[in-house]
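Please look first at the sequence and the model below, and then read the report beside them.

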Amino acid sequence: MTAQLDSFYPTRVDFGTLDEIHRAAATALLPDVLDFIEGGAGKEITLRANLAAFEHWRILPEPMSGVGAPSTRTELLGLELAVPILTAPFGGDGLYHADGHLAVARAAQRHGALSIVPEAGTYSYERVHAAAPRAARIAQVHPFGHAAAVAEHVAHNGFDALCVTVDCPVGGFRTRNMGNRFDPDQRYFAGNLTGENGAPGVAEVFGQLLKRGGAVWNWNQLAAAATDFGLPWIAKGILTPAAAERALDIGASALVVSNHGGRQTDPAPASLEMLPRVRAAAGPDVPILLDSGVRTGSDIYLALALGADAVIIGRAAIYGLAAAGESGVDRVFELLTEELRTLMILSGAATIGDIDGARITEAAR
Ligand SMILES: Cc1cc2nc3c(=O)[nH]c(=O)nc-3n(C[C@H](O)[C@H](O)[C@H](O)COP(=O)(O)O)c2cc1C
């Protein structure tokens, strides 16, 4: 099976480290597009805090554990994952590489991972699903008037779940973009926002995101729309216990602890910092994903130990995409998985479920 897949491999790439991939991406991208990807909101305190939060924890080595072949398998909402990693819904993907989410989803599929397909992507939900039907199974939507129609549409097109982004009623105060007068061609965001068959046009959604207020939904409006979803839905952008409780009250099946990669509220707390509190509020059985700042296999390990069931990678996947398309994202998956496996062996965790709070300790400050 592997040999057969390998023969279909696109261009092989030889990145030794994730840092190399990041540097290759930075070289490949136009400066204002790179800033759009790398940047956060406001003073970018949250952006930095997301990365710094991972430095506060240490993994406890377990000598002589006998664990030599750990399993990275897990499951989310009945969907199998060979690794506890999903790729993030990020819009404008064709700006970073012509293949965009088609490439991201194919790479995720090769690794038995899942890919969340964005509403504001370059390619339609259907096209990404057709490119990688086993990975592209969750469709992301912004909660505006058309959310239930999107749910119905994606359910008919092979998707298993919806991911509702609850932390982006308006775009954050993105200072780098403002400095660059960043004004991308909206067609890169229009894969689904076609203005046809009841779908809003890209200008309409951009208008909402950029106009700093207006028709912003509350939980009751989301609750009403969700009764028509017909699919399990995941609330993305939960940072507080109160928001977790509201989302679960109105029927969310899973949560994404996220501050949108530091792109929305700034200064907001780091995702990793809030994860244990959200887990405590949600209870042990609710599936919880974490994103914002995940860059390495050790970050994945710490997120799992602090209460996440899996992580979502945004910029880490974008770096792979920009550096070398599908094979770049593929290499990101390889390196993340390899480091995670190594740490599982060193810490004596035979399964993903074994990675818990007892295996880590807080660093002295
Ligand atoms: C360039 C870019 C575009 C994004 N577009 C979207 C989007 O359209 N919808 C959404 O829910 N999140 C979007 N996000 C946020 C990601 O889904 C994710 O929450 C974030 O990237 C995680 O942080 P990380 O980049 O540090 O991994 C975007 C992020 C980036 C970097």
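This is a predicted model: local features need pLDDT of at least 70, side-chain atom pairs count only at pLDDT 80 or more; totals for chains, interfaces and linings use all residues.

Residues are numbered from 1 along each chain as its sequence is written, and side-chain values use heavy atoms, with hydrogens and water left out.

The largest pocket has a volume of about 980 Å³. A pocket here is an open set of points, on a 1 Å grid over the protein atoms alone, where a 1.4 Å probe fits and where protein lies on both sides within 12 Å along at least five of seven lines; its lining residues have an atom within 4 Å of a point. The lining of this pocket holds 42 residues, and those closest to its centre are Phe 36, Arg 174, Phe 189, His 260 and Arg 263. Among the elements that give two or more residues to the lining are helix 3 (31-38) and helix 14 (315-347), but helix 9 gives the most, with four residues. By class, the lining has 21 nonpolar, 13 polar and eight charged residues.

**The ligand**

The ligand sits in the largest pocket, which is said when more than half of a molecule's atoms lie within 2 Å of the pocket's grid points. Helix 3 and helix 14 are the elements that give two or more residues to the shell around the ligand. Of the 22 residues around the ligand, those that come nearest are Pro 89, Thr 165, Asp 291, Gly 293 and Arg 315, where a residue counts if one of its heavy atoms lies within 4 Å. This shell divides into seven nonpolar, 10 polar and five charged residues.

The table gives polar contacts, that is, pairs of N or O atoms within 3.5 Å.

| Protein atom | Ligand atom | Distance |
|---|---|---|
| Gly 91, backbone N or O | nitrogen | 3.1 Å |
| Lys 236, polar side-chain atom | oxygen | 3.0 Å |
| Arg 295, polar side-chain atom | oxygen | 3.0 Å |

The protein covers 96% of the 610 Å² of accessible area (Shrake-Rupley method, 1.4 Å probe) that the ligand has on its own.

**Two places in the backbone**

Asp 266 and Pro 267 are joined by a cis peptide bond, with omega about 0°, and Pro 267 is found in the loop between strand 9 (254-257) and helix 12 (271-282). Leu 77, although not a glycine, has a positive phi of about 50°.

Methods
Grid points are joined across faces, edges and corners, and a volume is the space filled by probe spheres set on the points. Ala, Val, Leu, Ile, Met, Phe, Trp, Tyr, Cys and Pro count as nonpolar, Asp, Glu, Lys and Arg as charged, and the others, Gly among them, as polar. A polar contact is a pair of N or O atoms within 3.5 Å; within protein, one must be able to donate a hydrogen and the other to accept it, and residues adjacent in sequence count only if both atoms are side-chain atoms.
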